[in-house]
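Thanks for asking me to look this one over.

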Amino acid sequence: MIQGNRAISRSLITSAKTLSYTIADPTLAEMGKNLKEAMKMLEDSQRRTEEENGKKLLSGDIPGPLQGRIQNIGEQGHIALLGHSLGAYISTLDKEKLRKLTTRILSDTTLWLCRIFRYENGCAYFHEEEREGLAKICRLAIHSRYEDFVVDGFNVLYNKTPVIYLSAAARPGLGQYLCNQLGLPFPCLCRVPCNTMFGSQHQMDVAFLEKLIKDDIERGKLPLLLVANAGTAAVGHTDKIGRLKELCEQYGIWLHVKGVNLATLALGYVSSSVLAATKCDSMTLTPGPWLGLPAVPAVTLYKHDDPALTLVAGLTSNKPTDKLRALPLWLSLQYLGLDGIVERIKHACQLSQRLQESLKKVNHVKILVEDELSSPVVVFRFFQELPGSDPGLNAIPAPNMAPSAVSQERHSCDSLNRWLGEQLKQLVPASGLTVMDLEVEGTCVRFSPLTTAAVLGTRGEDVDQLVACIQSQLPVLTCTLQLREEFKQEVMGTAGLLYVDDPNWPGIGVVRYEHANDDKSSLKSDPEGEKIHAGLLKKLNELESDLTFKMGPEYKSMKSCIYIGMASDDIDVSELVETIAVTAREIEENSRLLENMTEVVRKGIQEAQVQLQKANEERLLEEGVLRQIPVVGSVLNWFSPVQASQKGRTFNLTAGSLESTEHTYVYKVQGSGVTPPQTPSGARTKQRLPGQKPFKRSLRGSDAVSETSSVSHIEDLEKIEHLSGGQDASEANSPERHPGVPTPPEAEQTGALQDRAQRLEDDCPQMRKPRSTDLRFTQPVNSHL
């Protein structure tokens, strides 16, 4: 905090020096000198306080919402901020001195901006809102074309309606803002389409514009103003300003140019399309973002010879306080100097060119602004080549390709590009990337260092890191895109699963399990389905696979679904879908079993009571009535004991029935002959190599086997051979087992190892070695002798 105060003090001293050196008035020079001394005293006092106490301002003394929110704006940023407070101080001067000072500040700033950006003999209007300057220019054009507008007002406009032409690539909401500021109806706006057959899809169609102008003139309307772009808000394309200027001169239309590419007018080399903007009637500049200057106003440069009309339009003002808007920019321009201004703009353009050249070498990345020279904007997107596309044209779909295939490719890539942009923003925050949706191209990622590099401090190393991150994410994107269609087909071919087409999900896909009571026609939330999907999500996450699973509502309804994330490796989609289906079915069956347990137990108890009562009646008939009398029964039992067999009973909760325990005793003696009740079948377990995660495809037929796995396979084969020999010997000397007697555990283990050995031989033929024993455990030959 103390270092920040010192920076502010240095900025104030610099401002004081600027005032004292550039102002000839003795009073103002003395004011600058006093300001310099006061700031020096403040800095010395702060230094002494720090040395004596040795205390620093703790972050706990700053309110929570304000902690960590101050950006490192540099000394030139402090000068721009202090320009506002200095302007408030200057406004307290007497009127004559204030008038002289504000006139000097306004004229100096206007002259410097016109010379830096090659706009000779222009005037300047400083405004806080970027669109405000264009609204003032429209008002000036109305006063210039309608001489009686001051007297008759809007009656003049009613007789001959003005028309303002905007490009289809203009910033959204610009036309509505102009109509609201000017009090014009929306039919006064004319949207000019961009090129559809030739040229860039973001450049204004000049031929179509001329046709619109002629049609408006025939209808009795007045073509008033045309807004051209030198760097569109979306992708940075520049209109054909030279041809537009000729068209405007032919029909007497005011030409206004705006866009980020106007910053390149300060460089030594400027493209011809941007250089033509110096001949326009007005242009809007935003030097604050270009130079990294906070709280600096935007500037509208214009050419007009009538001061009275500019005053009526609001472009000029007689109030000295309005002229002080230029003070922060006046101070910042002097601090940076011409070399500093050019260096910052040049650095931003170099960053864009560096990224563009690097992305040209990266596969599956399409650049949208390749035809623009020295453009400080780079817009790119991930794409996948389609069948019938031309790889030499960045995989642009061929004309004979079906529209459904093109639409499917775009929707598939839009969510992936949105995910890519968010990942890159987190990995390289200094890049200042933005994710945007274009009407034709879809979702894209924009790199515009001219508006972010000065504030974020973007360097060439950040661009290299950005390219490296893009290359590291491409395998994930391509693999996910390739598995999407396979996942869709597998889900659609699996009973009980419903494929959900969610265009906003960047992963493999979205699936929903349809339980028995699922109402397919309803779009409301389903509590039973939500419970099943919650259990399914828990089971899938417990598998510890490389995939991420999430649960959320369906894209077009409130029903729960399972969202499967990005895939970084080749995934066995069939196993994944089968696991989801079987696991969801098990959860539904278990849930249904628990819900019906109360009713099953109640009915089972009633049936058990009936069977027990029936058994007591049979015992009474067998023993007789006399044996139930206490004394007589004891005597009879002593002389003639009853040989009745006692039958045990057990209550099966799964079946809800009373069963005899006779099978239990038989099982303990020689093994059970009754098949226990079946439990819900689990998913097919796939044999995996050690360390292999679920849902990974096996490398069948591949020779790329690691040394560790090879040793493990050989040891398994040797173990199987050893068990094979012992088992064959025991089978040769032992009698044939009874069919009802269960197989010993050793035989089951040997059978499992036998199956594993067969799979190892199929997957890795090179691991097979000669053996003297047969791994199929057939009876040895010597047993027949």
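**Notes on the fold**

1. Strand β9 (residues 378-382) and β11 run antiparallel and are joined by three bridges. Across this pairing, Val-378 stands opposite Phe-447 in β11. Helices and strands here are DSSP runs (H or I of at least four residues for helices, E of at least two for strands), numbered from the N terminus. Two strands count as paired if DSSP finds at least two bridges between them.

2. A word on the model before going further. This is a predicted model, in which local features need pLDDT of at least 70 and side-chain atom pairs count only at pLDDT 80 or more, while totals for chains, interfaces and linings use all residues. Residues are numbered from 1 along each chain as its sequence is written, and side-chain values use heavy atoms, with hydrogens and water left out.

3. The β9-β11 pair belongs to an open sheet of four strands, ordered β8-β9-β11-β10 with antiparallel pairing. β8 (365-367) and β10 (434-438) stand at the edges with a single partner strand each, so one side of each has no neighbour in the sheet. On average, neighbouring strands of this sheet are turned by 35 degrees against each other, direction ignored. Helix α15 packs on the sheet and touches β8, β9 and β11, its direction making about 25 degrees with that of β9. Helix α18 (residues 460-492) also packs on the sheet, touching β8, β9 and β11, and its direction makes about 25 degrees with that of β9. Contact means heavy atoms within 4.5 Å; axes are lines fitted to C-alpha atoms (for helices over the stretch in contact), with angles from 0 to 180 degrees between N-to-C directions.

4. Which residues of helix α17 (residues 449-456) are buried? They are Pro-449, Leu-450, Thr-452 and Ala-453, where buried means under 20% relative accessible area, exposed over 50% and partly exposed in between (1.4 Å probe, protein chains only). Their cover includes α12 (287-291), α15 (327-359) and β11 (442-447). Just after α17, Gly-457 takes a positive phi of about 70 degrees.

5. A second open sheet deserves a look: seven strands in the order β1-β7-β6-β5-β4-β2-β3, with mixed pairing. β1 (123-127) and β3 (189-192) are at the edges, each with a single partner strand, so one side of each is left without a neighbour in the sheet. Neighbouring strands are turned by 20 degrees against each other on average, direction ignored. Helix α4 (residues 95-116) packs on this sheet, touching β1 and β7 (298-302), and its direction makes about 110 degrees with that of β1.

6. β2 (residues 162-167) pairs with β3 in the parallel sense over four bridges, and Tyr-165 stands opposite Cys-190 in β3. β5 (residues 254-258) and β6 are parallel over three bridges, with Val-257 opposite Met-283 in β6. β6 and β7, by contrast, pair in the antiparallel sense over four bridges; the bridge partner of Ser-282 in β7 is Tyr-302.

7. In a regular strand the side chains alternate between the two faces of the sheet. In β6, Ser-282 and Thr-284 point one way and Met-283 and Leu-285 the other way, and all are buried.

8. Ala-277 is worth a click. This residue lies in the loop between α11 (272-275) and β6 (282-285) and counts as buried at 0% relative accessibility. Leaving aside neighbours within four places in sequence, Ala-277 is in contact with Tyr-119, Ile-241, Val-257, Leu-262 and Met-283.

9. Please also check the surface around Ile-629, Val-631, Val-632, Val-635, Leu-636, Trp-638 and Phe-639, which form a nonpolar patch with about 720 Å² of accessible area together. Patches are made of residues with over 30% relative accessible area and no salt bridge, like charges being joined within 9 Å and nonpolar side chains (Val, Leu, Ile, Met, Phe, Trp, Tyr) within 5 Å. A salt bridge is a side-chain nitrogen of Lys or Arg within 4 Å of a carboxyl oxygen of Asp or Glu. Areas come from the Shrake-Rupley method with a 1.4 Å probe; for residues, only the protein chains shown count as cover. Ile-629 is found in the loop between α20 (573-623) and α21 (630-639) and is partly exposed, at 38% relative accessible area.
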